[in-house]
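User: I should like to learn how to read the features of a protein model. Please give the general idea of each feature and then the case at hand.

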Amino acid sequence: MVNHELSDLKIQDIGEQGLLERLHKFCPSDVVGDDAAVITTQPEQSLVVTTDMLVEGVHFSHITTSSADAGWRAAAANLSDIAAMGASPLGITVGLGLPGHVQVSWVEQLYQGMTECLEKYHVPIVGGDIVRSPVTTVAITAFGQVHPHLVIRRCSAQVGQAIVVTGIHGAACAGLELLLNPQIGKTLNAAEKAALITAHQRPQPRLDAISLLQKIVNAPNPNSPSPILIAGMDSSDGLADALIQICRASGVGAVIEYSQIPYPSAFNHWLTTDQAWKYILYGGEDFELVLCLPHPWALALVQALGTDAAIIGTVTPGSQVVLQDKHKKFPDQVLTLSQGFQHFS
């Protein structure tokens, strides 16, 4: 007879309904239980919907990521996409593909990690689906709302706008490398290691930046009575990728200044220059926002965010994204997508 309190209890021991019963505790009781969730939106708001998938062996593994951390990262990735649209989150649904031999405790800890990320922003899990699968897969759909004039799109960048990043880049990639190869961090102190690893395992979606940006944009400004166009996306696929995608969608170019890009101070005494810039530009999974907006609002946002936020460049005519160094220590380079992560390449 199976003891259902053992930590090695498998999904196949309790079945789909048994697992669902355990997972319902992570959801509001008045929302789950029907064929679909009903979410109330505010008047004059647009609904924002995004879906993101994490596959074991591609996005996470037991070597570098606990189930709780995998849950956190899955939730954070979707909240980051909501933030990248200028929206506020309303709820998420979770689709799980699971082999029968997976431990029930692993799934419960996955949900615990998701909940720990979501509760900071008062976002509920409002439903989902569970199926048998040969590989563990987590697919989350997130819902948000935004006033139509505050929507952030990749195609809205305009020549002359400032380019803002909300925080440091390269930390998440460095944290992953430390988890995979602990011996490479011998010159780092314990605090530096912990900060980089946390950046990978528990990234922070920048909904705080969106809240501040909405206040700045909604502040009365007689000199700009028309709606402000803001372009942007998150940097989950790397800073270079975000800059290029925005410029391509908007039909513009950009000039970025090396010295203005915020990155972990530990890089200065740990990595070679080439390795550091590979992490910073192409590492990905930092979940910061890259935004293009008029200079006065860019300055106000950076000041409101404080440490690590920065204006890193300017939107220009043309199509190239050029990284340059005013101190002439580094040669100019045109950023490309060839060095970043691409599925199927």
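Analyst: Helices (H or I, at least four residues) and strands (E, at least two) are DSSP runs, numbered from the N terminus. In this structure, Ser 67 is placed in helix α2. The model is predicted: local features need pLDDT of at least 70, side-chain atom pairs count only at pLDDT 80 or more, and totals for chains, interfaces and linings use all residues. Residues are numbered from 1 along each chain as its sequence is written, and side-chain values use heavy atoms, with hydrogens and water left out.

User: How many helices and strands does the chain have?

Analyst: The chain holds ten helices and eleven strands.

User: How should the overall dimensions be read?

Analyst: The radius of gyration is taken over C-alpha atoms, and the globule rule is 2.2 Å times the number of residues to the power 0.38. For 345 residues a compact globule would have a radius near 20 Å, and the chain, with 21 Å, agrees with this. The C-alpha trace spans about 70 × 55 × 35 Å along its principal axes.

User: How is burial defined, and what percentage of the residues is buried?

Analyst: Buried means under 20% relative accessible area, exposed means over 50%, and partly exposed lies in between (1.4 Å probe, protein chains only). Of the 345 residues in the chain, 50% are buried. Areas themselves come from the Shrake-Rupley method with a 1.4 Å probe; for residues, only the protein chains shown count as cover. The accessible surface of the chain is about 16600 Å², and carbon and sulfur atoms account for 53% of that.

User: How is the length of a helix checked, and is α2 enclosed or exposed?

Analyst: The expected span of a helix is 1.5 Å times one less than its number of residues. Helix α2 (residues 67–84) has 18 residues and should span 26 Å, which agrees with the 26 Å between its end C-alpha atoms. Because 17 of the 18 residues of α2 are buried, the helix is largely enclosed by the rest of the structure. Ser 67 counts as buried at 5% relative accessibility. Just after α2, Gly 86 has a positive phi of about 80°.

User: What is meant by a contact, and which residues does Ser 67 touch?

Analyst: Contact means heavy atoms within 4.5 Å. Leaving aside neighbours within four places in sequence, Ser 67 touches Trp 106, Gln 109 and Leu 110. For the chain, 85% of contacts between residues at least 6 apart in sequence join residues at least 24 apart.

User: Which elements cover the buried residues of α4?

Analyst: Seven of the ten residues of helix α4 (residues 171–180) are buried, so this helix is largely enclosed by the rest of the structure. Among the buried residues of α4 are Cys 173, Leu 178 and Leu 179. Their cover includes α5 (190–201), α8 (267–270) and α9 (273–282). The buried residues of α9, including Trp 277, Tyr 279 and Tyr 282, pack against α4, α7 (239–250), α8, β10 and β11. Just after α9, Gly 284 takes a positive phi of about 80°.

User: In which strands are Thr 93 and Val 126?

Analyst: Thr 93 is in strand β2 (residues 88–98), and Val 126 is in strand β3 (residues 125–132). Val 126 is among the residues that Thr 93 touches. Val 126 is buried, with a relative accessible area of 6%.

User: Which residue other than glycine has a positive phi near 65°, and is that residue buried or exposed?

Analyst: Lys 328 has this phi. It lies in the loop between β10 (321–324) and β11 (333–334), and counts as exposed at 69% relative accessibility. Asp 308, also not a glycine, has a positive phi of about 80°. Asp 308 lies in the loop between α10 (295–305) and β9 (310–316), and is partly exposed at 39% relative accessible area.
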